[in-house]
Each structure stands twice: as structure tokens, then as C-alpha cells.
Amino acid sequence: MIAPTVPGRPVVEVVDLSAEYRTRRGVVRALDRVSLAVAPGELLAIVGESGSGKSTLSQALGRMLPRACHLVSGSVTVLGRDVAALGASEIRTLRRESLGFIPQDPIGSLDPTMRIGRQLVLALKPLGKACDPATLIALMESVKIVDPERALGLFPHEISGGMAQRVSIAMAMAREPEILIADEPTGSLDAQVREEILELIVRLTRASGATLIWVSHDLGAVRRWCERVVVMYRGRIVEDGPTDQVLIDPEHEYTRTLLAALPTTSSIPHIASALADDGKEPV
Ligand SMILES: Nc1ncnc2c1ncn2[C@@H]1O[C@H](COP(=O)(O)OP(=O)(O)OP(=O)(O)O)[C@@H](O)[C@H]1O
Ligand SMILES: [Mg+2]
């Protein structure tokens, strides 16, 4: 499949990428000639059935594939840099300075032995970012944590999954990444918290001008928040286009089958009308 043309220089360009897992039980082709170009500031969702290659693709963007996964062909270019050609310190710098990852399991991604405030300091200090108490409190407020002073003094096991996800979003956004990658960031949360967290991610992404690449099973939320959707099926991109077009009038028969099999919340309005509710631009 040819990557669609996008206005402006893409921040992410994947060309003909194929990858396979080699295990004792055999070889699994996880990505099959995937091509994708993502423009600056785009909000892109990647959907597809379980095992279709969504996580493998999002991991490949930061050259963070598991050991068993090998690239067979193709290239990944992030912010103009061929990630395969970068040295160890260069790829670390790219990840640290330009990519933000929002984890699927927010509590598991935090250090259980350390209070939240200390973890934020350790994440921000090496980047030369301010990490005084007032900055940390402002950061917690930016992700709508009530009583931020108290939260900074808590350990991960003392906070809810929703609060842990807010903390991990704060950690990711504080680094001001140009590209935010979220692989099922709300998978472990209940429905209401899930909506709040997604709204937070989208609003912060828009306010910062970052690009969002969001892996999701939730088509209702994808329709509400993302302008473009990519559908994966068996390691391939089978559809790529404006969300409304793909979800309401899919081009391919297999996309229709896939969409029918995935959960959706059709009552959720599209992003344009959702944001028009209060007549304000997102903050
Ligand atoms: N560590 C691994 N070892 C072997 N095979 C793997 C491994 N991780 C993933 N795979 C295989 O690679 C393919 C793509 O998996 P991937 O995790 O990228 O799918 P996914 O779309 O993210 O699925 P899900 O929606 O369940 O998270 C699948 O066939 C999967 O079984
Ligand atoms: Mg996955």
C-alpha cells in the first residue's frame, strides 16, 4: 500500500516495513509491508483486531521492539531521522526529547518504591526541566489531579489507575514531546475515567501542537477524538483515511468485517461536534 500524501513534512514516515517474531515455536509475520506517513499535529488512531500488529508498529517507531522481533525490510523515519541508522545514544536522545509514551498499564509503569513527586523529579531533572515544588504542583494540576500536594507524596499503590494514568501523562507531556504514542492508554480503566483520560490526552496534545498516534480498540472514542484512522489486519494497513469516511463508509469489505467485530459507541458524537459543544477551542 502506498502511503497517502499528507500536507507538510511528515513527522513519522514508515515505508514498506515488515517485521517478524522469531520464537522457538516458529516465525510470526507481525508487520507486512506497512507504509504510513503522519503529518505534524495530526491525531491518528490505529485500530484493528487483536494480533493485527498495532503494538509492533508503535514500538517500531521508537525502535523499541522486543528482542524476538526482527525487521525484515523497510524503514522508519522519525523527525527526518532514519531510526535504524541511529547510534545507541542518538536513539535514546530521540526517545527522550521527541517521543512521549503513554503506557497501557500506568501503575505498573511507575516505580513502586518511590513517591510520585520523587519520580517526577527524576524524570524531569536530567532533561534540564524545572522540578521545584510549585512546578510539580502546576504539572499535576495540568492533568486535573485534585489535591496535587497530597498526590505528590503518595506511592503508586496508594493511587487509582486513573490517577496513575494522569501522572504518566504529566510525565510524558512535561518533556514536551513532538510525538506522543499511546498504546491502549485506557485499557485498564473504567468507562467514565476512560473518557476523561482520552479527553485530557487529546486536549493536551492539541494545546502543545504535538502529533498523537493512538492505538485503540474503542471505535466510539476514535470517532470522537481522531481525525484520521488506520485499520490494521494481519500485519497490514488495509485502510487509511479520514475517520468518518473509514468508520461510516469503509472502502474494503474486510474493514467492514473488522469494524463489525470491534466494540463501538455509536452514540458518541464526532470530534468536530464534540468540541463545538461549548464553542471553545480545546485548552
Ligand atoms: N513477544 C512476542 N513473541 C512472539 N510473537 C509475538 C510477540 N508479540 C506479538 N507477537 C505476535 O505478533 C503479531 C502482532 O502482535 P501485536 O502485539 O503487534 O498485535 P496488536 O494489534 O497490538 O494486538 P492487541 O490488540 O492484542 O494488543 C501477533 O500475531 C502476535 O501474536
Ligand atoms: Mg497491542
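Two strands are said to pair if DSSP finds at least two bridges between them. Helices (H or I, at least four residues) and strands (E, at least two) are DSSP runs, numbered from the N terminus. The model is predicted, with local features needing pLDDT of at least 70 and side-chain atom pairs counting only at pLDDT 80 or more, while totals for chains, interfaces and linings use all residues. Residues are numbered from 1 along each chain as its sequence is written, chains are lettered from A and ligands numbered from 1 in the order in which they are written, and side-chain values use heavy atoms, without hydrogens and water.

Four strands make up an open sheet with antiparallel pairing, in the order S2-S1-S4-S5. S2 and strand S5 (81-82) lie at the edges with a single partner strand each, so one side of each lacks a neighbour in the sheet. Helix H1 (residues 54-61) packs on this sheet and touches S1, S2 and S4 (contact: heavy atoms within 4.5 Å). The direction of H1 makes about 115° with that of S1; axes are lines fitted to C-alpha atoms, for helices over the stretch in contact, and angles run from 0 to 180 degrees between N-to-C directions.

The pairings of S1 (residues 12-23) are as follows.

| Partner of S1 | Sense | Bridges |
|---|---|---|
| S2 (residues 26-38) | antiparallel | nine bridges |
| S4 (residues 69-78) | antiparallel | eight bridges |

A hairpin of two residues connects S1 to S2. Val12 has Val38 in S2 as its bridge partner, and Glu20 has Arg29 in S2. Towards S4, Glu13 stands opposite Thr77.
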